[in-house]
Amino acid sequence: MAKIDDSVKKKVPELRFKGFTDDWEERKFDECFNFPVSTNSLSRALLNYDEGDIKSVHYGDILIKYPAILNIKNDKIPYITGGKLEKYKSSLLENGDLIFADAAEDETVGKAVEVNGLTEENLVAGLHTIVARPKDKKAEFFLGYYINSNTYHRQLLRLIQGSKVSSISKGNLQKTLVSFPKDFEEQQKIGAFFKKIDDTIALHQRKLDLLKEQKKGYLQKMFPKNGAKVPELRFAGFADDWEERKLKDVTERVRSNDGRMDLPTLTMSASSGWLDQKDRFSGDISGKEKKNYTLLKKGELSYNHGNSKLAKYGVVFSLTNYEEALVPRVYHSFKALENTSADFIEYMFSTKLPDRELGKLISSGARMDGLLNINYDDFMNIHISIPNYEEQILMSAFFRKLDENIALHQRKLDLLKEQKKGFLQKMFV
């Protein structure tokens, strides 16, 4: 690829494939597209994923589920329950059609997918969508990536209507301008380039999802289920029953600080663990309250008894990425005693096995601040099942290695997405 000299004011992208130098063509949307089919207004209740003759693309899936290219063979698209071809024959889509989501609760309104992979299938567009069909043939994949680039999408942001729910109309789509290379080969190269990036992203996502599923499976099998004395799966050489103890028997409370205010101030997320408040809230929200925070040292733990979709009864994490940090005192902070692994306790809580006892401690639901009314003493009195220290260490190391592998794949995935974002900004006009 070649970078274009910014001093040369031409209708060309900042970055393009070698051998192409002509200006891109800029035209009005309605000169390039028409709206050949009507869309249906079927709700989710009238769709199913099991059987049918006609598939229907729902706007919600365009916004959050489908990539720029909608492949009829690979992507999960629902059927119209009881849909008859005669009724929808005039609304069938073709390869190359763009399906816009014309409504959203944020600036994703106007996200579109390019239809791809149709052979004998019947596909229509559903609730809150607009279908645009190119009047002239464009290279496969080019339009799907161009329409979703910031270069084009920022035009839509000036035209959206509504406050709580944003929308875009056919009339406003027609007011936008589209730019594309005149050379069909350049369109092909751009489309194929982004499709390859997307395929690589999808591959890494599958690997990441598989690793997370593997971890979930091991957590289920390597800890005894409620009432059992031994787990279904364990390391060779261990045969003794696990011992039932109260949490307070193997831990002790951590609750003070030594007055240092220059330490990182953290908050806890059920999905991501410990996060710096500067990253989570775009700034340190502790302010003058730092004196009331708890000083947590590496290897010590906290229980965030907040209710969330991912953690109905809260989460426990040990501090691993910092030597020392300040954490909210509202968390129940504690450390493992001798011959108890803090990592083991964290993974034990991640199995959700303690949830049964935690649920019994809640007498009146959640307080107004979103925290479950579980006090420290009651929390410490819950029963846990624990093996000998050597087995704890082996299990902790095993799950830490899994987590490191998951984090590595997540970083690779994030990097690929950032690279794609950069190319989208530089390869379109």
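**From values to terms**

Analyst: In this predicted model, Lys-352 is found in the loop between H10 and helix H11 (355–361).

User: Why is Lys-352 called partly exposed?

Analyst: Its relative accessible area is 34%. Buried requires under 20% and exposed requires over 50%, so Lys-352, lying in between, counts as partly exposed.

User: What is the phi of Lys-352?

Analyst: The phi of Lys-352 is near 70°, a positive value in a residue other than glycine. Most residues other than glycine have a negative phi. Asn-339 likewise has a positive phi of about 70° although it is not a glycine; Asn-339 is found in the loop between S24 and helix H10 (342–350).

User: What makes the pair Asp-199 and Lys-195 a salt bridge?

Analyst: The side chains of Asp-199 and Lys-195 meet at 2.8 Å, N to O. The cut-off is 4 Å between a side-chain nitrogen of Lys or Arg and a carboxyl oxygen of Asp or Glu, so the pair qualifies as a salt bridge. Side chains of opposite charge can pair when their charged atoms come close.

User: How do you know that the span of H7 agrees with its number of residues?

Analyst: At 1.5 Å a residue, the 38 residues of H7 should span 56 Å. The end C-alpha atoms are 55 Å apart, which agrees.

User: Which residue caps the N-terminal end of H7?

Analyst: Asp-183 caps that end: one of its side-chain oxygens lies 2.8 Å from the backbone nitrogen of Glu-185.

User: Which parts does the salt bridge between Lys-335 and Glu-252 tie together?

Analyst: The side chains of Lys-335 and Glu-252 meet at 3.4 Å, N to O. Lys-335 lies in strand S24 (residues 332–336) and Glu-252 in strand S17 (residues 251–253), so the pair ties together parts that are 83 residues apart in sequence. Lys-335, at 31%, and Glu-252, at 36%, are partly exposed.

User: How many salt bridges does the structure hold?

Analyst: The structure holds 23 salt bridges. Among them is the pair Asp-258 and Arg-260, whose closest N and O atoms are 3.0 Å apart.

User: Why is His-409 called buried?

Analyst: The relative accessibility of His-409 is 13%. The limit for buried is under 20%, so His-409 counts as buried. His-409 lies in helix H13 (residues 389–426), and its side chain reaches the backbone oxygen of Asn-405 at 3.0 Å. Leaving aside residues up to four places away in sequence, His-409 touches Lys-207, Leu-208 and Leu-211.

User: Which residues touch the most other members of the largest nonpolar core?

Analyst: They are Ile-99, Phe-100 and Phe-379, in a core of 88 residues. Ile-99 touches residues including Val-57, Leu-70 and Val-131, not counting those up to four places away in sequence. A second, separate core of 12 residues includes Met-268, Leu-296, Val-327 and Tyr-331.

Methods:
Residues numbered from 1 in each chain as written. Predicted model: local features only at pLDDT ≥ 70, side-chain atom pairs only at ≥ 80, totals over all residues. Heavy atoms only, no water. Helix = DSSP H or I, 4+ residues; strand = E, 2+ residues; numbered from the N terminus. Buried < 20%, exposed > 50% of the residue type's maximum accessible area, 1.4 Å probe, protein only. Expected span 1.5 Å × (residues − 1). Polar contact = N/O pair within 3.5 Å; in protein donor to acceptor, adjacent residues only side chain to side chain. Core = buried A, V, L, I, M, F, W, Y, C linked by side-chain atoms within 4.5 Å. Contact = heavy atoms within 4.5 Å.
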